[in-house]
Each structure stands twice: as C-alpha cells, then as structure tokens.
Amino acid sequence: MLRLIENEVFKIIFKKRLLIVFGILLVLITAFAYGQDNSLNRTKARLAGRIGITASTDWKKLCEQQIIDLKNRLESPYGHEEDKPATRVRIEQLQYYLENNINPLDSSAAKFTTQFMEQSIFLFLPLLIIILAGDIVSGEAANGTIKLILTRNIPRWKVLLSKLAALLMLEIIVLLMAAVISAAVSGVFFGYGGWTAPVATGFRVIGDRLETLGVVNVPQWQYALMVYGLAYFVSIVVGTVSFMISVLVKSTSASIGVMMSALIGGNFLSHFMSDWKITRYLFMVNLRLTDYLAGSFQPVAGINMAFSVTVLSVWAVAALAISFVYFMRQDILV
Amino acid sequence: MQPPVLELVDLKKNIKNKEIIRGINLTLGPAEILGFLGPNGAGKTTTIRMIVGLIRPTAGSVKICGYSIADDFIRAMSNVGCIIESPEMYKFLSGMENLRQLSNMDKRITRQRVDEVVELVGLQKRIEDKVSTYSLGMRQRLGIAQALLCRPKLLILDEPVNGLDPAGITEFRNLIRRLAHEEEMAIFVSSHLLSEAQLMCDQVAIIRQGSIVKTATVKDILNTETVEWRLDNPVKAARLLKEKWGIEALRENGNTITAAVGENRLELINQVFVNEGIELRYSIPRQNTLEDMFLDLTEGDEIA
Ligand SMILES: Nc1ncnc2c1ncn2[C@@H]1O[C@H](COP(=O)(O)OP(=O)(O)O)[C@@H](O)[C@H]1O
Ligand SMILES: [Mg+2]
C-alpha cells in the first residue's frame, strides 16, 4: 500500500501540479504582502493627518491612554458584566504591545501568515486543492492509463485508496508551502517576529449573540496553528468532494470546471440568497471556519462552528462513499 | 488435471441495451497462440476488457488458470499481462519510470526483472527518455515490456502490430512465438490483419458481430486446398462433384468453378470429368489463405 501511495505522489509531482500551486502561492502572497504594506502605510499617514504627527509616531502614548480608558470601564459600576472578559483581554493585548515595543498597527510575519490563510480558506485554498485533486482519477481515464493500473493484481479499492491518501498528504504540503512562503515573503516587509503576540479567541455564538465570556488571549503561533488546522480540515473536505467529481467525470478539464463553478457559485449564493435555508447545507458556504475563531462571522443566521463542521463532515463522508461505490462498479470503457 | 489458462463460458455483454457480445465460448491452453480475428467493431476489445475485469459481463464467466475473474480477481490477474487497444503509458514519465510504477504494484517484480524485459523488447537505449518522445513502435515495445513484467501465464494483446513497421512486425512475431514455446505462455492476440495471424498463431477464432463464427487451427486451414477448373460444361461438372464426392462447388463466372478438395483426389476427379465428356481447359490447385476464409465469413460487415 505504501508503495502505491508513493506511486501516486510521484505522478502528481511529475505532472508539475505542486509546482503550479507553488508558483501561484508565491505570486499571490507577494502581491498580498506588498498590498498590505502599502495600505498600512496609507493608514498610518491618514492617522497622522488626523491626530497629529506626534500622536501617531508616539503610539505608546495612545496605547497607555486606551488602557486607562478600558480599566476605568472595568471598574465602572454601570458596565455590563458580560463585556468584562473581552475588555480584560484587550487590556492584556495592549500591555503586551507596550512591554514588547510593538506598534499594534504594524503587521508581522506571524500576523500575515495567519491572516493570509484566514482570507484564503473559503476560495483561494479550495482552488489550489482543486488544481491538485481535479485530475487525480479523471486524468488516468483521460489518457487511458487507468487500464494500466486496473489490470494489475490489485483490487480497485486499493488503487483508489492510495490516490486518496496521496491527496491528503499533498494537502499538508500545500498548507506548509502556504505558511512558509507567507512567513518568508511577508517578513521582508514586516519583519520576521510577532509569533508570541497575543490574539483573542474563544468567542462563541449563543442564540444570535456573540458570547464573549470564554474569550482568552493565545500567542499568535498557537492561533496560527488553529487556523492552519481548520484549513487542513477544509482542504480534506474540498479535496474529497473534488476527488468524487474526478471519479465521476472522465475529463480533467470537466472535473476542474465543475468544482470551480460549484465553489464560486456557492460563494455567490451565500451572498445573495442568505434567507434561502437550503443554501446553508452547501459545503461551499461553510468553509469560513476560521472566522468563528475571531468571533466575527455568521454567513447566515444560525450557523456556527459546530454546524459548519457537521455539514462539511457529512459532505466528505458522502463524497467518499459515492467515489468508492462508483469506482468499484464502473465499467472501464475508455 | 490442470485447468486451461483461459476459459470463457457463454460470455455476454450488453452496452446501453445493445447486445455487443452474444455468448462467447473459448479455451486456451499453455503455449498456445490464439488469433482472435474480426473486422473493426466486431467486439474484440470488448471481449478482452471482460477477460481482464475492466468491464463486467452481462452473463457468463471468465476463468484464468482456474480462478474466476469476478470472484477471485487478484489471483486471476496475477497470471495476466495485457495491452488493451493502444498501449497507454504515462507520457510525462520515462519508460523506466513507467515500468517502476508498475513493478511497485506487484511484489513479485524485481529490479532485475525490469531490466530483463527492457532488454527483451530492445529498448535499453531509450528507456530513460520520456515516453512523450517515443515513436508509436517504441510505445508498443514498452507496452509489451509492461505486459511481460509479472511473467504472466496468459498474455493478452489487442491489435499489437498496429503502428509497427514491417521489420518491427517480424521481430514482434518472433518474440511472441518464442514466449509461447520457451516460457509456455498462452497468448491471446486480437487482430484484424489476417495475414499476420496466419503467420503468428496456431489457432484462430473469428468473431463477427459479437459471436464466434469459426474456430480452426491454422494448419487445417492451410491444408484445405481449393481447386479452380475452367471447362466447357460447369453445370455438369458441379453436379458430378456433388454426386460422386459430396463436394459443393462454386460457380465463379462463365466457365469457371471452384471447390475445396483434398489434393490427392484431384487427378481422379479430372479423370472422371474427361470420361464424362467434359472438355477440360485447365485445373489449378490454389492454396487457401485465412484471408479468403475471413473475407467470406465477414463479407459486407464493414459496409453495414
Ligand atoms: N462505450 C460504448 N458504448 C456503446 N457501444 C460501444 C462502446 N464501446 C464499444 N461499443 C460497440 O461495441 C462494438 C464492439 O466494439 P469493440 O469491442 O471495440 O470492437 P473491436 O475491438 O472488435 O474493433 C462496436 O459496435 C461498438 O460500437
Ligand atoms: Mg478494438
């Protein structure tokens, strides 16, 4: 079995799929980092214009002032009890910036690496996965080599399983590439630090309110790990669904086309038809898992992390079941 | 007793409600070379796909070395090497990398064996080049190398000489005969080139519109001689042939008739003709070829 997986990885690498993914990542991340650097500089300039040169260059004073304000709010008898954890977390963050001499407006390699994945998880990352997975089975049907591998003394399910395993492994490599390129490229612009800076997480949605009682600060590297962990989960789901399409469709371009339009169409749907209940069961509208970490996001009312994870898992399991059943029974007529 | 290497029992296949294969029975023993002949669209490739388990028969069974392909796929396929239609390989890999891929799929295949088959098909010089740079003939060789990797007891080749030049065909023919005789391989070759099959095979099965219309050994076919007479009274001659020897004669045109007779009887027949007052211009024995038989059997198919 290991040798079969090795075969599949070898083929994907030789087809230069990984190289394409690497190239796209490099170009996009560089553009992203450059853009963010630009807009940060503009924000700073704007702030400087508004508040006055001294205030913006001396961001420490600004932080100290904010801390005093927040502390007052904590001690105020009129404050809401539920808001207090969030306020404390915010104070902790500001204190960290002061102690470590970090301007909170500035970005860092660590911040950028995290943000890049948060921004990519619902469209860009899935597209990369589709490039990787789209032809993993349909490619063999299209060039006829499927006859070569299905006439060995190996059962069909083993052939398919080795392809799936190779895909799941290569998804890890794609995420590693994204992380390493992000950190390396953005470091040029923002410096290579920031890995221990605190990030607030632990928000929960209860009913239609954002529940902040459980909010805590975690170091940036830990937050990044959570983001990339969720990204891997998303990759697995998108990967298995495109794997299924790749089994069902006999041409690579059709397979990639179907998945891309499903993905982009799904993103449209969630924008324009959010009150149409059935759209929430589509896998495409449940991909923004990282936004739940920051507590900012509800694409459709009533959707939360548990719901999204359940929907995605069901899609993945169903896609796998369909892939294997179809592949086992299929007549190979190419 | 050992089971036959290949046994097809009443094999049938419908595709989209159309009967493509209508009940094929065949057996093939070790060291035998069977030519599976038929015009394009007769169902050769479809039959082969069923033999190697790429498609499921609608009815009937395939057994390889006694193992059913449906119930015991792994053990059955452990004995098979095949090329189906054109020999597709991974074009973005080299010939050697292709063979390594396949040897990775079967524990029995050693590196040594890979080198051995490369040498056997004469691809040593180009084996490290990408398959995309190969000519059709070289791809055929690589296809055969691939099929031989696991030292199969049954070798299945679907139209293997397509794209080979005449020298390549001769070389290929010698290789096939050697494999059958030295390694006792049973070889199942499909073809629509009959002259080829005649030179290469021991037996032929002719398939037409999904049914086998004739099986015969090549030796028998070559031994049946046809004789052509030109004489003044073909009607009477035909009647005599029928009455005295039970031979059906064919009126070709005007004063010519042909009939299949044993060589030894020809003089006798001619004697009788003369005694009966038929004026005989000439009689020539014509060696029958598979091609003639094939054309007789499959006439009109290509147009329909
Ligand atoms: N995928 C398919 N769908 C429908 N009919 C098919 C398919 N494949 C083959 N056939 C039909 O099956 C018949 C036999 O085809 P095939 O086995 O390829 O013939 P051969 O190999 O002898 O040239 C042909 O008439 C062809 O039209
Ligand atoms: Mg064919």
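**Figure 1. Helix 3 meets helix 5 in chain B.** In this predicted model, helix 3 (residues 95-103) of chain B and helix 5 (residues 136-148) of chain B have axes that come within 10 Å and cross at roughly 25 degrees. Angles under 35 degrees count as roughly parallel, and therefore helix 3 of chain B and helix 5 of chain B are called roughly parallel to each other. Their crossing is right-handed. To find the contact, look for B:Gly95, B:Leu99 and B:Leu102 on helix 3 of chain B, which meet B:Leu142, B:Ala145 and B:Gln146 on helix 5 of chain B. Sort the residues of this contact by class and you get four nonpolar, two polar and no charged.

**Figure 2. Helix 10 crosses helix 11 in chain A.** Here we switch to chain A, where the axes of helix 10 (residues 156-190) and helix 11 (residues 220-248) come within 10 Å and cross at roughly 140 degrees. That angle makes helix 10 of chain A oblique to helix 11 of chain A. Helix 10 of chain A passes helix 11 of chain A in a right-handed crossing. From helix 10 of chain A, the residues making the contact include A:Leu160, A:Leu164, A:Leu167, A:Leu168, A:Ile172 and A:Leu175, along with A:Lys163 and A:Glu171. On the helix 11 side of chain A, you can pick out A:Tyr228, A:Ala231, A:Tyr232, A:Ile236, A:Phe243 and A:Val247, among others. Count up the classes for this contact and there are 14 nonpolar, four polar and two charged residues.

**Figure 3. Helix 11 of chain A also packs with helix 6 of chain A.** Helix 6 (residues 109-120) of chain A and helix 11 of chain A pack at an angle of about 20 degrees, and their axes are 9 Å apart. These two helices of chain A, helix 6 and helix 11, are therefore roughly parallel to each other. Helix 6 of chain A passes helix 11 of chain A in a left-handed crossing. Helix 6 of chain A brings A:Ala110, A:Lys111, A:Thr113, A:Thr114, A:Met117 and A:Glu118 to the meeting, and helix 11 of chain A brings A:Gln220, A:Tyr223, A:Ala224, A:Val227, A:Tyr228 and A:Ala231. By class, that is seven nonpolar, three polar and two charged residues.

**Figure 4. Chain B touches chain A.** Each side puts residues into this contact: 30 from chain B and 30 from chain A. Between them the two chains, B and A, bury about 2900 Å², and carbon and sulfur atoms give 55% of that area. Keep an eye on B:Leu54, B:Tyr90 and B:Met105, which supply 24% of the area that chain B buries against chain A, more than any other three residues.

**Figure 5. Chain B is divided into two domains.** Domain 1 of chain B covers 6-217, and domain 2 of chain B covers 223-298. The C-alpha centres of domain 1 and domain 2 of chain B lie 40 Å apart.

Terms used. Residues are numbered from 1 along each chain as its sequence is written. Chains are lettered from A and ligands numbered from 1 in the order in which they are written. This is a predicted model: local features need pLDDT of at least 70, side-chain atom pairs count only at pLDDT 80 or more; totals for chains, interfaces and linings use all residues. Side-chain values use heavy atoms; hydrogens and water are left out. Axes are lines fitted to C-alpha atoms, for helices over the stretch in contact, and angles run from 0 to 180 degrees between N-to-C directions. Helices (H or I, at least four residues) and strands (E, at least two) are DSSP runs, numbered from the N terminus. Angles under 35 degrees count as roughly parallel, over 145 as roughly antiparallel, 65 to 115 as roughly perpendicular and the rest as oblique. A crossing is left-handed if the near helix is turned anticlockwise from the far one by less than a right angle, and right-handed if clockwise. Contact means heavy atoms within 4.5 Å. Ala, Val, Leu, Ile, Met, Phe, Trp, Tyr, Cys and Pro count as nonpolar, Asp, Glu, Lys and Arg as charged, and the others, Gly among them, as polar. Domain bounds come from an automatic or database domain assignment. Buried area is the accessible area (1.4 Å probe) that two parts lose on being put together, summed over both.
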